[in-house]
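Please keep the sequence and the structure in view while reading.

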Amino acid sequence: MILITGANRGVGAALLSAYRARGSAASGTTRADPAPDGLMTLDVTDPAAQRRAALAWGSRPMSLLVCNAGVLLDDGERLADGYPAQV
């Protein structure tokens, strides 16, 4: 199974569509809640949302993870040492 983050539009939606068109088992995520049909709700910046998505995914094997979802980098944090994980 393939998982593509940020698959509700743009590059992520195109990748999801292409994988599905070639017959691959693929799923995608979106920040929208509730998520449109065929997508799972996931805000990649929210640790609680990450936990919920992991629980929803369950024990299904994942053959490919495409980390397409973006984050806002212009908020005073440095990529090297900013953005601490929130537990």
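Which residue in E2 is the bridge partner of Ile4? In this predicted model, the partner of Ile4 in E2 is Gly28, and this bridge belongs to a pairing in which E1 and E2 run in the parallel sense over three bridges.

**Sheet and helices**

The two strands are part of an open sheet of four strands, ordered E3-E2-E1-E4 with parallel pairing. E3 and strand E4 (64-66) form its edges, each of them pairing on one side only, and the twist from one strand to the next averages 25 degrees.

| H1 (10-21) | E1, E2, E3 and E4 | about 165 degrees to E2 |

**Nonpolar cores**

The largest nonpolar core consists of eight residues, namely Ile2, Ile4, Ala7, Leu16, Tyr19, Ala26, Leu39 and Val66. Strand E1 (2-4) and helix H1 each supply at least two residues of this core. A second, separate core has six residues, among them Leu3, Met40, Leu42 and Ala53. Within the largest core, Tyr19 touches Ile2, Ile4, Ser24, Ala26 and Leu64, when residues up to four places away in sequence are not counted.

Thr30 is found in strand E2 (residues 26-30), whereas Thr41 is found in strand E3. Thr30 has a relative accessible area of 3%, and it therefore counts as buried, this class being defined as under 20%. Thr41, with a relative accessible area of 29%, is partly exposed.

Leaving aside neighbours within four places in sequence, Thr30 is in contact with Asn8, Ala35, Pro36, Leu39, Met40, Thr41 and Leu42. With residues up to four places away likewise not counted, Thr41 touches Thr30, Arg31, Ala32, Asp33, Pro34, Ala35 and Ala53. The side chain of Thr41 reaches the backbone oxygen of Ala32 at 2.8 Å, and it also reaches the backbone nitrogen of Ala35 at 3.5 Å.

Pro34, one of the residues that Thr41 touches, is found in the loop between E2 and strand E3 (39-41). The peptide bond leading from Asp33 to Pro34 is cis, with omega near 10 degrees. Thr41 and Gly6, finally, are 35 residues apart in sequence, and their C-alpha atoms are 9.6 Å apart in space.

Notes. Residues numbered from 1 in each chain as written. Predicted model: local features only at pLDDT ≥ 70, side-chain atom pairs only at ≥ 80, totals over all residues. Heavy atoms only, no water. Buried < 20%, exposed > 50% of the residue type's maximum accessible area, 1.4 Å probe, protein only. Contact = heavy atoms within 4.5 Å. Core = buried A, V, L, I, M, F, W, Y, C linked by side-chain atoms within 4.5 Å. Polar contact = N/O pair within 3.5 Å; in protein donor to acceptor, adjacent residues only side chain to side chain. Pairing = 2+ DSSP bridges. Axes fitted to C-alpha atoms, helices over the stretch in contact; angles between N-to-C directions.
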